[in-house]
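Have a look at it first, and then read on for what turned up.

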Amino acid sequence: MAFIRRPRLLATIAAAAAVLATLTGQATATADSPTITKMTLSGDQFKMTDTSYSSATSHLYDSYLTKHASLTDVITTDITKNSTGSTDSWLQLRSMRSCAGDETKALPPATTSTAWCWSSAHSDDTTARWWPQGLSTTGTADGGDGAIQGDHVTAVAWHYRTFERDAASDTTGCKTDNLLKLSFIDRDTGKYRHVLLAEPTSTSSSASDFKYVTGHGGGIVWYANYIYVTDTAHGVRVFDTNKLAKVDDYGSGVRTYGINNGRSSACGYPYVLPEVHYYQQSGTPSACDSDANNGSLDPAHLCYSWLSLDKTGGAPYKLVTGEWYGGVDGGRVVRYQLNPTSSSTYPGLLNMSGGKTVIQDAYAASRYRGLQGGMTWTDGQGVLNFAFHKGCGTQPGVYSHTWVGDTKAGTTCAAGGNWAAGPPQALSYWPKLGTSQVDELWGLTEGICPSASLISSYPEDFHAATDNSDVCYTHNNSTTTMSLRSVFAVGFTDSAVQNLH
């Protein structure tokens with residue numbers, strides 16, 4: 001990415017920060033220290049080890065998941081009948097649609113080249129069970145024309161949500177809390193399909209079964225044929241699109257998974273995407289929730305809340321991960337080295353040394369909190385830049401652009417936000433489409449405004465809006481649930497993107 005940046009002097013920055021603080025009503029006292037500070041790591045701090053499922057997945061692919069599928073198959077095959085031959089509309093390709101009415105509040109206040117809301121078929125737009133989280137695209141995955149296997153695709157991770165009042169039958173198997181799936185969206189047609197993520201039940205080269213994967217799905221990165229997915233307290237999972245397969249039993253009534261009596265199934269979904277690597281840190285953080293263990297971040301362990309891919313600043317490429325804490329400053333941003341796809345060892349995978357992942361560098365977002373998505377890039381002057389999404393419930397969230405050593409006061413939720421409502425969840429850069437340089441920033445929002453009946457049925461999980469700055473405030477007592485879920489692309493060099501703080 002080629003970005004133009006004016007020279008920065010600390011005195012100039014401090015003066016600008018004071019002016020910005022006056023304009024936004026924020027105290028200048030918050031602009032006296034860097035928002036991003038480089039960390040000095042010790043020993044194996046934040047490093048991960050690799051558990052390889054490659055041999056197990058290859059055996060499953062050769063011996064059990066033998067209906068091999070391509071990415072093109074997944075996004076173009078309109079399946080109308082289930083595996084027993086009965087008509088089943090649940091299996092058909094679905095279509096992204098234009099956002100309408102109050103749904104458009106989920107779109108950022110910038111010119112969009114893409115502005116999608118999810119299909120109403122089967123309630124992808126308003127379901128309270130499935131929640132979209134991480135996003136990545138083939139635009140970052142390849143090095144040339146923004147396509148993988150000839151397709152321009154956006155991938156979105158979803159996790160399943162169980163409720164406190166659910167019966168035991170609604171919290172197990174294919175209804176397990178945090179069950180994970182991916183949606184593959186064809187950029188050229190807006191058609192999409194859900195695919196189940198799967199993990200072999202052993203690492204053995206004779207593995208004969210697989211299970212579903214659970215997690216929050218807060219961050220994903222697509223690089224070459226691999227899709228990296230965060231596992232919040234543990235590390236990062238890797239799935240291989242070259243191992244996509246169609247299962248034997250599928251349809252809206254199928255509630256099984258794995259290999260049963262020689263036949264494969266994936267919770268009703270026709271396609272499965274198997275895991276090939278699982279990178280894990282040595283232990284688990286003391287807490288990855290809002291207050292980070294009473295305001296204290298675990299110094300030895302990360303919360304892998306979001307991911308992005310940084311291909312700027314020269315080799316190596318970097319897998320970027322960051323932390324979400326709703327009420328605590330200082331979430332860390334760590335950049336792991338990625339091997340090029342041409343590498344003789346671990347091609348397209350994380351670089352390893354002494355059995356541990358290699359860390360490029362790490363930073364503390366010392367005056368930021370609630371970071372739900374982020375990305376990094378090195379500009380033409382060699383300065384490392386950061387962009388962050390910060391959620392503010394169903395009020396407009398915050399989008400911020402900062403850099404190492406920056407001392408400006410940042411926009412806050414209390415200041416009213418400056419971005420989409422929903423809230424925002426992820427960021428991904430799409431540089432080229434064919435031979436055209438598009439320089440797009442992709443993101444998504446996750447929210448819904450619950451209906452009165454949903455609030456009544458699950459009062460521990462949903463409630464009416466009490467603040468008139470909440471987008472859902474005017475929706476209180478409605479008989480329907482309203483979608484604030486969008487997938488969008490804006491110009492990355494747009495002033496409404498680069499000039500926000």
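Let me start with one cysteine: Cys-303 has a relative accessible area of 1% and is buried (buried means under 20% relative accessible area, exposed over 50%, and partly exposed in between, with a 1.4 Å probe and protein chains only). Its partner is Cys-288, and the two form a disulfide with their sulfur atoms 2.0 Å apart (a disulfide is a pair of cysteine sulfur atoms within 2.5 Å). The torsion about the S-S bond of Cys-288 and Cys-303 is about -95 degrees, so this disulfide is left-handed. The pair links distant parts of the chain, 15 residues apart: Cys-288 is in the loop between β18 and α5 (292–295), and Cys-303 is in the loop between α5 and β19 (306–310). Helices (H or I, at least four residues) and strands (E, at least two) are DSSP runs, numbered from the N terminus. Cys-288 is partly exposed, with a relative accessible area of 22%.

A word on the model before going further. This is a predicted model, in which local features need pLDDT of at least 70 and side-chain atom pairs count only at pLDDT 80 or more, while totals for chains, interfaces and linings use all residues. Residues are numbered from 1 along each chain as its sequence is written, and side-chain values use heavy atoms, with hydrogens and water left out.

How confident is the predictor? The mean pLDDT of the protein chain is 92, and 94% of its residues reach 70 or more (pLDDT is the predictor's confidence in each residue, from 0 to 100). Over residues 1–29, however, the pLDDT is below 50, and beyond near neighbours in sequence this stretch has 45 contacts in the model (contact means heavy atoms within 4.5 Å).

Back to the disulfides

A search of the whole structure finds five disulfides. Counting bonded cysteines along the protein chain, the pattern is 1-2, 3-4, 5-6, 7-8, 9-10.

One of them joins Cys-99 to Cys-117, with 2.1 Å from S to S. The torsion about its S-S bond is about 105 degrees, so the Cys-99 and Cys-117 disulfide is right-handed. These cysteines are 18 residues apart and link distant parts of the chain, with Cys-99 in the loop between β5 (97–98) and β6 (112–117) and Cys-117 in strand β6. Cys-99 counts as buried at 14% relative accessibility, and Cys-117 counts as buried at 0%.

Cys-174 and Cys-267 form another disulfide, their sulfur atoms 2.1 Å apart. Here the S-S torsion is about -85 degrees, so the disulfide is left-handed. Cys-174 lies in the loop between β8 (153–160) and β9 (180–186), and Cys-267 in the loop between β17 (263–266) and β18, so the pair ties together parts that are 93 residues apart in sequence. Cys-174 is buried at 12% relative accessibility, as is Cys-267 at 6%.

An enclosed strand

Strand β14 (residues 235–240) has six of its six residues buried, so the rest of the structure largely encloses this strand. Strand β13 (residues 226–231) runs antiparallel to β14 and is joined to it by six bridges (two strands pair if DSSP finds at least two bridges between them). A hairpin connects β13 to β14 through three residues, and Ile-227 has Phe-239 in β14 as its bridge partner. Strand β18 (residues 271–281) is also antiparallel to β14, with five bridges between them; there, Gly-235 has Gln-280 in β18 as its bridge partner.

Aromatic rings

The structure holds 18 aromatic pairs (rings of Phe, Tyr and Trp, the last by its six-membered ring, pair if their centres lie within 6.5 Å; planes under 30 degrees apart count as stacked, over 60 as edge-to-face and the rest as tilted). The ring centres of Trp-306 and Phe-388 are 6.2 Å apart and their planes at 65 degrees, so this pair is edge-to-face. Trp-306 in strand β19 and Phe-388 in strand β26 (residues 384–390) are 82 residues apart. Trp-306 is buried at 2% relative accessibility, and Phe-388 at 1%. Tyr-368 and Phe-388 also form an edge-to-face pair, 5.2 Å centre to centre with 65 degrees between the planes. Ring pairs link Trp-306, Tyr-363, Tyr-368, Phe-386 and Phe-388 into a cluster.
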